[in-house]
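I opened the model to record several local features. The entries below follow the order in which I looked them up.

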Amino acid sequence: MKFRNIKGIVTIGALLLVLLYGCSDSFLQDPNTKDLTEAFVYGSDATAIAAVTGVYDGLQNDSQGDPGLPNEYNVKGIFAYANYPALDWQPQARRADSDYFNFDVNPDGEVPVKIWPNNYRAIGRANNALVGLQSGIDGGSISADLGNRLIGEVLVIRAISYQYLAAVYGDVPIMLSIADDPFKGRDPQDMVFQQIVTDMNDAVNRLPWSHDTDKGRVTKGTAYAVLGNAHMWLKQYSEAITAFEAIEAGGVTSLEPDYFDIHALDNPNGVESLFELQWAANGDLGWNRNDEVNILQLFAMPTDITGGGGFAGIPTKELYDSFEPGDLRRQATVIAPGEEHPDPLIDINMYDGVNINTAGTVAEPWTGGDPAGRSGYWGVKSWRDPNIDGWGREQLFGGQGHIWIRYGEVLLSLAESALREGQTAKAQTAFDRVRDRAWGGTAPAKTVSIANILQEYRHELGGEFSLWAVIRRSGEAAMFIQDSYGLTLPQGRDLMPVPNTEISVNSNLLPQNTGY
């Protein structure tokens, strides 16, 4: 299902489904009121579904964004957070000058500034929807079965938003009601994840294992994955194991047999995908475009092809060299100078102005004219749509989904949880399943350990949307950075700073995270 931007439905008069807690007053106003009432929005099954679709839309801000909100949240916010602190992927800036390689992220930088308000937008929508849905169920205007399912969906979307907020900033305000003080202070990180546990235990009882037609809506498997992750943050590893093992037992989710197929253009919402943002296939090329279109491919493709962009997801040579011989994830993740694109849909010489079928050459790597700022290596996972060609040409945007949660991550989390519980055989089995798939058969033997699991996270999830969160969750971020790059991660710098823009309008958010 394509979750469209339906602000005319999701806004409920003066209640405002986009209420953002802890932000400036401008975030509390939505000009698209349309004079809708709560009774109308939750007055039928059809309008309730549309309203909940609006909650999903709270996470769709890949392009222009809503008035008053920073745009490009998915690419320069969530994607950047997931990858840049791990140092394997970098923005356009020269590596030597990078905030991430210097472990000194600017509180006014794009990652901190984009993630906070956009997630609280989604939370505000969710809190309004929970009230409206329950009122509609109680009043008989929404069928009980559908209403309870929709409540489960909203609880998961809210939990995913809180999951990112706590992973990024640590302590954050918990807002569960439209009546809560929008300027309250930060709650402890553990309290956030305990609330997620509570909500997901509720959600798993409301949600189906799959949807017949509306692919992309959250399921029981999504809720179990979020639940298991929250238990891991709380170091409740036995409970995490139970949640993770329930997913495959549901009979719907499993590993894709071929790692390369996970991000294939013709495999949206595949068997491994547990939570995937949906995008319109084509979009307005003007700067007044909506936020339903995916710009990650444009920003990640070689600028030598696109003529612009290149602002996100530039992998390092160190990442390319870190893959073991025979690991097929390398060619599915990074394309090196002189290599052909591994996707049969893409011949590089099909692009205008390109007369070779490789991503530059070893002698002259493609760096977009900025050899100090770009490595000459480019990401593959988000470069799978042959129709996107770049600035001043035919198509800038695409419809490839953003997979935020998938089963390969779940299996590695299961391995980590089992190892921490002393269940070594179970940990080794889950660890081996991920590695065997990566080799297309049987991987070289490797003993499961925390250090080895961290490297598997690196090679399994790099260039996606969850890597740094699981590294930080492990409590071993410093070991990961030392093992991967020989650098020392200063204490506290596994966290991002709270945006100065938020602290300036809510002094209750003080103190700033350590060292910023």
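I began with burial in helix α15, where Ile 450, Ile 453, Leu 454, Gln 455, Glu 456, Tyr 457, Arg 458, His 459, Glu 460 and Leu 461 are buried. I took buried as under 20% relative accessible area, exposed as over 50%, and partly exposed as in between (1.4 Å probe, protein chains only). By this criterion 10 of the 12 residues of α15 are buried, and the helix is mostly covered.

I noted that this is a predicted model, in which local features need pLDDT of at least 70, side-chain atom pairs count only at pLDDT 80 or more, and totals for chains, interfaces and linings use all residues. Residues are numbered from 1 along each chain as its sequence is written, and side-chain values use heavy atoms, with hydrogens and water left out.

I took helices (H or I, at least four residues) and strands (E, at least two) as DSSP runs, numbered from the N terminus.

I then checked the length of α15 (residues 450–461): at 1.5 Å a residue, its 12 residues should span 16 Å, and the end C-alpha atoms are 16 Å apart, in agreement. The expected span is 1.5 Å times one less than the number of residues. Just after α15, I found Gly 463 with a positive phi of about 80°.

Next I looked up β6 (residues 402–406), a mostly covered strand with 5 of its 5 residues buried. I found β6 paired with β2 (residues 273–277) in the antiparallel sense over 4 bridges; pairing requires at least two DSSP bridges between two strands. Phe 275 stands opposite Ile 405 in β6.

Last, I located Gly 43 in the loop between α2 (38–41) and α3 (45–57). Gly 43 is partly exposed, because its relative accessible area is 34%.
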